[in-house]
Amino acid sequence: MGNERDAYANGTRYVNLVIKPLSSEKSTLDANEAVANVAYRVCELFAIYPITPSSPMGEWVDEWSAKKKKNLWGHIPEVIEMQSEGGAAGALHGALQAGALSASFTASQGLLLMIPNLYKIAGELHPFVLHVTARALASHALSIFGDHSDVMACRQTGVAMLCSNSVQEAHDFAIISHSVTLKSRVPFMHYFDGFRTSHEVQKISILSDDDVRSMIDMDAVKAFRENALTPDRPSIRGTAQNPDVFFQAREACNPFYDAVPAAVQEAFDDLAARTGRQYKLFDYEGAPDAERVIVIMGSGAETVSETAAFLNATGEKTGVVTIRLLRPFDPVAMLAALPKTVKSIAVLDRTKEPGALAEPLFQDIATALYESDRAGIRLIGGRYGLGSKEFTPAMVKAVFDELKSASPKKRFTVGINDDVTKLSLNYDETFDIETADTRRAMFFGLGADGTVGANKNSIKIIGEGTDLYAQGYFVYDSKKSGAMTVSHLRFGPKPIRSPYLINQASFVAVHHFPFMERIEVLAQAAVGATLLINLNVPADQVWDRLPREVQARIIEKKLKLFAIDAYSVAHAAGMGGQINTVMQTCFFALSGVLPRDEAIEAIKYAIKKTYGRKGDAVVAKNHAAVDASLAALHEIKITATVTAKENREPVVAAVAPDYVKRITAVMMAGDGDRLPVSAFAPNGSFPVSTTQWEKRNIALEIPVWDATLCIQCNKCVLVCPHAAIRCAAYPTAAGEGAPETFKKTDLKVKDVPGHSFTIQVAPEDCTGCTLCQKVCPAKDKTDLKRKALMMAPQPPLRATERANYEFFLKLPPAPAALLQDTVKGTQFRAPLFEYSGACTGCGETPYVKLLTQLYGDRLLVWPTPPAVPPSTAVICQPLRTRQRLKVEVRLGPTRSSKTTLNTASASALASTSSLSSRGASSANSPTSSQPLSSKASAPPTSRPTPASPLSVV
């Protein structure tokens, strides 16, 4: 790393071709990269298919293979992307039959698609490793977030199951699993918590090439090769067996599984001899004379360990048993880990098996105790953390307290309010165990604005440029691009074992100011903390621009306030809306974690490494933004009393339906954790027509319509992914009483005289993707860069355009003569799919929206396999003929119909995907588990609709 810095300082262009520093030195990275780092060095072939949150592992090995990086054996691993996870598993099965050292990466529904092949691979005793970012399975709803549902669904397949709790363990256990699978011939599933561990950035010790090489038994590799199918040693596999022999043959593998626990422990010991990091099949931490113990696996074990240590320091007698090897389960090792003094145990499962007497871990522990001489220990079991639900020290304390109860709940949940089956434990939300020597910072950003990327770089700068330990965790919304992201950064002198969100931050940055107008972003700000906001007004106007509630909180908590117009700085540097570099520079300038000059040098070095492959021009723009940032940063004077005239805007309008106010508004405000079980339908259904009340207000710029240039083609309305721009044709008299800023012109249709035409944007629903402007064909002949739709800053237009849109929605529907099956005609019909949670510029949702305009309430939409969210449920890549676009839909439960759009319609829709790929974020990732929105009953401010709502099956 030193040579790389020298090369950069001397002006030499540096291209990052290394995997990571392959030494025992510390490195700062997330678990996905840490695991891929090991797997790439020992494997020859990867068959992959991307799925959140495991995709980065496949991306890393694919990148290294493309760069011709060699593994430990001097070969360039082959990376094959299949058409599904089932295909990837089949390819792996074939590769293993041929004797190739192989691995893959997956999660959730993707893992379920691999189950049939896992049975075969395990049944045939093929050594290989499947690295899994454990994630929830789709049941009542889709969740892209983490728990143990998917791996628990594979317990019966015959794969050995090894669980890591942290980034360091994920790195270490990657080589453990690759080592032991070769020795034992039993395939391994190595898993760790999706997002919570997979995407957490930590400072860890990297295994050297010698470390990795020493863990691979070459005799075992040779035996694996010799077991491959080859004409030199022919054999028959995959036979069919009758009842007379199948049972016996199935039992023949028992000795292989019986040997796995000892082999894993031996590998743990070998790793400890080289690194000093000792692991056991079941690790115990806590008081040696503990009376109350929690048994758990995954990242939650770190939280329990940290909490137990805190409680023990106050005189409690608590401990935690962490499960490393789940399958094959070794009851002797589990019992040996328990102190002899234990009186009661709580087993915590991060999964739910409806109808079962208890969850899987509980049943394993109960069986182990029942068959031992320690069956008298009191045993209770609970569920926690489903779908990445937060798991905090306060919740851990509640479990330990329950174990002290004279009659504890035998089955419980923690972290939620179960007011239906009364299973939940109460806990004190104010309980906090974080130490003062760990500094904490939070950053509120907008998906795709670069905030997360900048904070990952910041953590790496701190972790690799100082002696401090560092941790970064990033909370994503399922909406992804265009939704709020919250970055949680910790750094301090001691290793950080806190896999939970920050609740007291000494530094808070708000990169997207509208968040301050709608949600409580200062709830986690500590007294005396530094607050940095990005706001595009002069410094002397910042204080008065804040809502009254925000001013009051700043005064109450004695915060130090700084502001910068990051968008202006970024635009001046030629970076558009990418403000990450600007805000990162301000963070280092204000936090004091590094000397300012050293921090600036480190940022520029990180920019060179991150963006060097995109060209010197990109690097230069980022460097210019760094240089300009400090000059644009201002400290804001805080008054002693609240002076603002405006209050924070309500989350939803006063006329919103009761359900929206009670349920969805709470979720929009970021308080969904507080909703009780009774708030939700048991089958996961939601009412329709709810997204119209979620005014996301994320667009920096919105389209402004020039009626004098418009040719009234309606293409802009067709391609809008969120139905945030609309057209209307209405009797001219209906436009009377419109706001002064409401725009209209004469309708250019001879057969419909006396009508006006309007293009209107919903300013708080628009995402600013610019697709409407790009598709607009109407140009000013005197200035070809000027179109009938041009983007303009949203804040100055928000209030007037909001009033204009409310008036627009009250206009009568277009006359029937205009409602033809053409681009222009279809867009006069009200869409029943609107304001979706799709990514900004999504190329898929316009198809769904168009179908609702064509068929109204006769259209049924049902999701594709549950790995795909509802917004991608309907045809995204339609069948095409030479001249026409064919769309097949279901009309009601028994009737079907086909329709064709003319070439203009096909071209306009097709342009959406191509434009979005250039202008906005990719729509290939899962977007939203939000239900489809439609107009079940039109609110007072909505236009009458010609059809009733879109049905969702």
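Trainee: At about what angle to strand 1 does helix 2 run?
Mentor: Good place to start, bearing in mind that this model is predicted. Helix 2 covers residues 31–42 and lies across strand 1 and strand 8. Its direction relative to strand 1 is about 115 degrees.

Trainee: And which strands does helix 20 touch?
Mentor: Helix 20, residues 548–557, packs on the sheet. It makes about 140 degrees with the direction of one of the strands it contacts, strand 21. The strands touched are strand 21 (525–534) and strand 22 (560–564).

Trainee: Which are the edge strands of the open sheet?
Mentor: Let's follow the order, which is 1-8-18-19-17-20-21-22-23, with mixed pairing across nine strands. An edge strand here pairs on one side only. That gives strand 1 (26–30) and strand 23 (634–635).

Trainee: What is the bridge partner of Gln 202 in strand 18?
Mentor: Strand 8 (residues 201–205) and strand 18 (residues 469–475) run antiparallel and are joined by two bridges. For Gln 202, the partner in strand 18 is Gln 471.

Trainee: How many residues has the largest nonpolar core?
Mentor: Among its residues with the most contacts inside the core are Ile 176 and Val 264. Ile 176 touches Val 264, and its other contacts include Leu 162, Met 215 and Phe 268. Another core, with Leu 532 and Met 575 among its 42 residues, lies apart from it. The largest core has 107 residues.

Terms used. Residues are numbered from 1 along each chain as its sequence is written. This is a predicted model: local features need pLDDT of at least 70, side-chain atom pairs count only at pLDDT 80 or more; totals for chains, interfaces and linings use all residues. Side-chain values use heavy atoms; hydrogens and water are left out. Two strands pair if DSSP finds at least two bridges between them. Helices (H or I, at least four residues) and strands (E, at least two) are DSSP runs, numbered from the N terminus. Contact means heavy atoms within 4.5 Å. Axes are lines fitted to C-alpha atoms, for helices over the stretch in contact, and angles run from 0 to 180 degrees between N-to-C directions. A nonpolar core is a set of buried Ala, Val, Leu, Ile, Met, Phe, Trp, Tyr and Cys residues joined through side-chain atoms within 4.5 Å. Buried means under 20% relative accessible area, exposed over 50%, partly exposed in between (1.4 Å probe, protein chains only). Lists of a residue's contacts leave out its neighbours within four places in sequence.
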